[in-house]
Each structure stands twice: as C-alpha cells, then as structure tokens.
Amino acid sequence: VVAIGESAFRDFTSLSSVTIPETVTIIEKNAFRGCSALNNVVIPDSVVTIMGAAFRDCTSLTEITFGSKITAIEGECFMGCTSLTQFTVPSGVTEIRGNCFEDCTSLATVVLHDGITEIHGNAFRNCSSLTAITLPGGITEIRGNCFENCTSLQQITLPQGLVLLDRMAFLNCASLAEIAFPDTLQTVGRDALRGTAWLDQHADG
C-alpha cells in the first residue's frame, strides 16, 4: 500500500483509530473526511503529502503525530476539526494552505517554524480559541481572511519581511488590541483590521 486513496474512509463515523502502514507516501483528498469518531492519528515517516480535506470534519480528532518527511499539507486538510486544541507545523512544510484550519474552534496553540513563507487565505478563519500566534520571519504574505473571526486573539507581531497584509486578514478579531507592524509592510488590504480593538483605539489618530 503506497497511498490512502481519495475518499477511502470518508464518513466512516465509527472509525476511532487508524494505523497507517509505513509504506504509504500520500494521503489523498477526503481520505478520512467526516470520520467523526477518529481521535488520534500517527502519520508515519514514509508520508510526504497530505492532500486537501484529508481530515476535514474529524470532529473528535485531538492529536496528530507527524513523521519526519512530510513536506505538504494541502488546503482544508484539518478544516472543522473542532476538538483539535494544538498543532505544531512539521518542519518540512513551507506554506499554510487555504482553509487548512478553518473552523477549528478549539485550536488555542499553533507552533510555526522559521521555514514557513506564506499563510494562505482563510487558513485560521473562525479559530475562536486562538489567543496568540508567533509568525516567523520568513513570512512575506498573509492572505485574505486568514485570521478572520479569531475573536480571542489579543496581540500579534507582524514579522520583518512581511510585504502584504491582504484584505480582511484580521476582520472581526474583536480582542486584538496590540499589533506590531514591520517597516517592510507595503500593502494593507481592504478591511484588513476592521472590527479589531486596535482599530477602535486608533480610529481617531
């Protein structure tokens, strides 16, 4: 077995655990999507790529352990994993793809490594438990709606080297009161900071 095929276990709602063979190199789209009882996943060292929505709506998933060779986690991969509380991005992954953690409403802690260069649109949208995140210095773009409705986020330091803060990036982050801006920032998109405590404080200044 070299792949877990597209939609292989989709909506297997009684599946609570899975052992992925160490011959598998790719987990394809929607492979475990909707496995609402799945609570723990160990990704072996052989896996290089996890395709889009592979674990979407695994609402009981609390822990994911990655092997050493993973280089790609595609869009919507963990979207709607409402029991996931923390996530450490594997060292070989350089981009947080679109909608990757959207609607992970219990996600409070995310660890990003220095090799990450871009966070795509909606990546952390509606992560309402996220209180803080450290953005590494290699990030040059934060795409649209990336942190929209992260209502518990209180402070953010935008890294030196950031060029683009895209539209609605922090829309309705009501608790966000402290923002440190880098000298390198060139573009702030429409409504990027609308609905934040920071904008309320600086509205007249």
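Visitor: Why is R125 called partly exposed?

Guide: In this predicted model, R125 has a relative accessible area of 23%. Buried means under 20% and exposed means over 50%, so R125, at 23%, falls in between and is called partly exposed.

Visitor: What makes the contact of R125 with E102 a salt bridge?

Guide: The closest N and O atoms of R125 and E102 are 2.8 Å apart. The cut-off is a side-chain nitrogen of Lys or Arg within 4 Å of a carboxyl oxygen of Asp or Glu, therefore the pair R125 and E102 qualifies. The two residues belong to distant parts of the chain, 23 residues apart. R125 sits in the loop between β10 (118-119) and β11 (141-142), and E102 in the loop between β8 (95-96) and β9 (109-111).

Visitor: How do you know whether E102 is buried or exposed?

Guide: The relative accessible area of E102 is 5%. Since buried means under 20%, E102 is buried.

Visitor: What makes E95 and R97 a salt bridge?

Guide: Their side chains meet with an N to O distance of 2.6 Å. That value is within 4 Å, so the pair E95 and R97 counts as a salt bridge.

Visitor: Why are E95 and R97 called partly exposed?

Guide: E95 has a relative accessible area of 26%, and R97 has 30%.

Visitor: Which class of accessibility does R194 fall in, and why?

Guide: R194 has a relative accessibility of 42%. Exposed would need over 50%, so R194 counts as partly exposed. D191, at 28%, is partly exposed as well.

Visitor: Why does N126 count as buried?

Guide: Its relative accessibility is 18%, and buried means under 20%, so N126 counts as buried. N126 lies in the loop between β10 and β11. Its phi is near 65°, a positive value in a residue other than glycine.

Visitor: What makes A53 buried?

Guide: A53 has 3% relative accessibility, which is under 20%, so A53 counts as buried. A53 lies in the loop between β4 (49-50) and β5 (63-65). A53 is not a glycine, yet has a positive phi of about 60°.

Technical notes:
Residues are numbered from 1 along each chain as its sequence is written. This is a predicted model: local features need pLDDT of at least 70, side-chain atom pairs count only at pLDDT 80 or more; totals for chains, interfaces and linings use all residues. Side-chain values use heavy atoms; hydrogens and water are left out. Buried means under 20% relative accessible area, exposed over 50%, partly exposed in between (1.4 Å probe, protein chains only). Helices (H or I, at least four residues) and strands (E, at least two) are DSSP runs, numbered from the N terminus.
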